[in-house]
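Please walk me through this structure, one place at a time.

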Amino acid sequence: MRAMVLERPGEALRLAELPEPRPGPGEVAIEVHACAVCRTDLHIVDGELTQPKLPLVLGHQIVGRVIGDSRRFSSGQRVGVPWLGWTDGDCAYCRSGRENLCDRARLTGYDIDGGYAERTVADERFCFPLPDGYEDIQAAPLLCAGLIGHRTLRLAGDPERLGLYGFGAAAHIVCQVARHEGRRVFAFTRADDEAAQAFALGLGAEYAGDALAPPPEELDAALVFAPVGELVPAALRAVAKGGTVVCGGIHMSDIPAMPYELLWGERVLRSVANLTRADGDEFLELAPRVPVRTEVESFRLEEANEALDRMRGGNLRGSAVLLL
């Protein structure tokens, strides 16, 4: 099968012919139809996440068809494969409903070969049936941008005035969910990114502007999706007392020193780590009811490096998706 392989961080992916993977006990083989490109993939390629298996097939927003029957799925059934690929099920985190924090977790496209390939295998317990009404290319971003964005929003509580810092793959989905729930959305981007600001306004945000400038009014919560540490103090300045700032990425540049007064007033600063299967079930039931519509740009498998370069330069609208 064809696959795009990372040999060493800092190098471009290489198009290779690999043996087709064989499923083990409890696993399913999947013919990959689409795989969305995530900023986490870029962090792995750029060496900012430092312990991937190597060589590695990236990709954890996988849409494909099951090959052969299994306990959970029938042959030909369409499934999605997310970032969380396996947990031990027995640790204190797993037993308390926090499997996303499992110390032994294995992650798709990081510890386990992922979807930048014509075929993959996955633990069937961690695959999701996908809702009808989404073409493969549109469904792929739901598997991380959607799921992690949804968890990030839920950890913010019940804000009326919601700030989104960085308006890319996750934020453009969260914006639609938040508006569906009756929340007011304020989008924050680089000062000169007029295209992203127009994108946000087109999806229902009532304001879009410079992420480092004060908002037009205080926020109840802010979600930080851009991996830029200096946005955390800016978001804390923007939220009212009792407000929450949630960092939705797996990697971020260092947060600069800041005065305690930014956190004082019972403001909350927290992070999101991975997702649970319950998050996936909840969001994939919600998405068609909103309905969430994903904005995508398609690339061929062999164009994965171009997609990553576009993401690195901030030159994508919505999500990049590899089509196979």
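Cys94 is buried, with a relative accessible area of 14%. Buried means under 20% relative accessible area, exposed means over 50%, and partly exposed lies in between, with a 1.4 Å probe and protein chains only. Cys94 sits in helix α2, residues 92-95. Helices (H or I, at least four residues) and strands (E, at least two) are DSSP runs, numbered from the N terminus. Leaving aside neighbours within four places in sequence, Cys94 is in contact with Thr87, Asp88, Gly89, Glu99 and Cys102. Contact means heavy atoms within 4.5 Å. Thr276 is 182 residues from Cys94 in sequence, yet their C-alpha atoms are 9.6 Å apart in space.

A word on the source. This is a predicted model, in which local features need pLDDT of at least 70 and side-chain atom pairs count only at pLDDT 80 or more, while totals for chains, interfaces and linings use all residues. Residues are numbered from 1 along each chain as its sequence is written, and side-chain values use heavy atoms, with hydrogens and water left out.

Now turn to the helices that pack together. Two packed helices are described by the angle between their axes and the distance between the axes. Take helix α4, residues 145-154, and α5: their axes come within 8 Å and cross at roughly 60°. That angle makes α4 oblique to α5. Angles under 35 degrees count as roughly parallel, over 145 as roughly antiparallel, 65 to 115 as roughly perpendicular, and the rest as oblique. The axes are lines fitted to C-alpha atoms, for helices over the stretch in contact, and angles run from 0 to 180 degrees between N-to-C directions. From α4, the contact uses Ala145, Gly146, Gly149, His150 and Leu153. From α5 come Ala169, Ala170, Ile173, Val174 and Val177.

Helix α8 also meets α4. Their axes come within 9 Å and cross at roughly 100°. The two are therefore roughly perpendicular to each other. On the α4 side, Gly146, Leu147, His150, Arg151 and Arg154 make the contact.

Which residues of α8 are buried? In this helix, residues 277-286, they are Asp279, Gly280, Phe283, Leu284 and Leu286. They cover an arc of only 155° around the axis, which puts them on the same side of α8. The arc is that of the directions from the helix axis to the C-beta atoms. What covers these buried residues includes β10 (128-129), α4 and α5.

Helix α9, residues 304-312, has its own buried set: Ala304, Ala307, Leu308 and Met311. Their arc is only 95° around the axis, which puts them on the same side of α9. An α-helix has 3.6 residues a turn, so residues three or four places apart point the same way. The cover over the buried residues of α9 includes β1 (2-6), β3 (27-37), α1 (39-45), β17 (296-300) and β18 (319-323). After α9 comes Gly314, with a positive phi near 70°.

Next is a loop. Arg183 lies between α5 (169-180) and β12 (184-189). Arg183 is buried, at 9% relative accessible area. A polar contact of 2.7 Å joins its side chain to that of Asp158. A polar contact is a pair of N or O atoms within 3.5 Å; within protein, one must be able to donate a hydrogen and the other to accept it, and residues adjacent in sequence count only if both atoms are side-chain atoms.

Val239 is buried, with a relative accessible area of 0%.
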